[in-house]
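Here is a short report for a reader new to this structure. Take a look at the model before reading on.

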Amino acid sequence: APGDTILHWDSLAVALRASGRAVLLLDPRGHGRSLAPSCALPFRAWGREDELAALGATDVRAALRALARVARVDTSRYVVIGSGVSCAIAAQAAEADARVHALVLLSPDAPPTRRGALRARLARMRLPTYFQTAAEDRPSFLWVETLYQAGDAPNSRVADAPGAGLGPAAMRHAPDTVTRLLRWLDAPKPARPRPAPPPPPRRRG
């Protein structure tokens with residue numbers, strides 16, 4: 001998420017690597033190492049959130065292609081993890097790629113005007129999703145519960161992280177939270193449903 005550093009992700013990233021998974025950490029455009037002329041500073045994102053979120057979703061697939069070129073990694077199935085306001089980007093990336101077999105949303109947050117879009121996306125995907133909330137989370141439990149009920153609830157989970165901090169930082173002080181997530185990732189998941197075909201065009205007359 002914007003404002004996160006690699007230190008926030010160390011415990012989760014190390015645990016994912018130890019479990020045999022390749023790991024990529026991506027900054028959203030305009031933040032951290034994703035500064036570029038198209039969005040050179042965080043404030044340049046104001047008023048362009050939807051545009052940059054769509055670009056951020058395509059960045060996930062581009063990063064995966066780059067990883068496959070330099071490492072022996074099976075990219076036929078992968079998991080997308082989002083934190084805070086970047087959870088919306090993670091969901092958008094997951095919807096755009098059928099290879100994503102699970103989604104993880106840590107301390108999901110979104111402006112009130114964008115919450116409906118995230119909920120609708122989860123409802124369309126019906127993708128197994130792991131939600132983690134932390135003690136310092138601003139989002140209410142009801143908001144996370146709404147997201148959980150909108151998607152594939154039978155194969156999803158809502159978990160609490162008692163440690164200090166938000167998102168992945170809460171895992172640094174509570175190792176059990178990482179273990180729970182890894183168990184959920186390793187559990188069998190149903191095949192991803194095919195998207196519904198678009199409705200036929202209406203005839204005039």
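Predicted model: local features only at pLDDT ≥ 70, side-chain atom pairs only at ≥ 80, totals over all residues.

Across which strands does α1 lie? Helix α1 lies across β1 and β2. It runs at about 170° to β1.

Four strands make up an open sheet. Their order is β1-β2-β3-β4, and the pairing is parallel. The edges belong to β1 (78-83) and β4 (157-161). Each of these two has a single partner strand, so one side of each has no neighbour in the sheet. On average, neighbouring strands are turned by 20° against each other, direction ignored.

Follow the pairing from β1 onwards. Strand β2 covers residues 100-106, and six bridges join β1 to it in parallel. Ile 81 has Val 104 of β2 as its bridge partner. Val 104 also stands opposite Tyr 130 in β3. The β2 and β3 pair is parallel too, with four bridges.

## A buried strand

How many of the six residues of strand β3 are buried? The count is six of the six, so β3 (residues 129-134) is largely enclosed by the rest of the structure.

The side chains of β3 point two ways. Thr 129, Phe 131 and Thr 133 point one way. Tyr 130, Gln 132 and Ala 134 point the other way. Both groups are buried. Tyr 130, the residue opposite Val 104, is therefore buried, as is every residue of this strand.

## A nonpolar patch on the surface

Which residues form a nonpolar patch on the surface? They are Ile 6, Leu 7 and Leu 25. Together they have about 310 Å² of accessible area.

Ile 6 belongs to helix α1, which spans residues 6-18. Its relative accessibility is 61%. Exposed means over 50%, so Ile 6 counts as exposed.

## Two loop residues with positive phi

Ser 107 has a phi near 50°, a positive value in a residue other than glycine. It sits in the loop between β2 and α4 (112-125). Is Ser 107 buried or exposed? Ser 107 is buried, because its relative accessible area is 5% and the cut-off for buried is under 20%.

Arg 126 also has a positive phi near 50°, and it too is a residue other than glycine. Its place is the loop between α4 and β3. Arg 126 is partly exposed, with a relative accessible area of 37%.

Methods. Residues numbered from 1 in each chain as written. Heavy atoms only, no water. Patch = residues over 30% accessible without salt bridge, like charges linked within 9 Å, V, L, I, M, F, W, Y side chains within 5 Å. Areas by Shrake-Rupley, 256 points an atom, 1.4 Å probe, with all protein chains shown as cover. Salt bridge = Lys/Arg side-chain N within 4 Å of Asp/Glu carboxyl O. Buried < 20%, exposed > 50% of the residue type's maximum accessible area, 1.4 Å probe, protein only. Pairing = 2+ DSSP bridges. Axes fitted to C-alpha atoms, helices over the stretch in contact; angles between N-to-C directions. Contact = heavy atoms within 4.5 Å.
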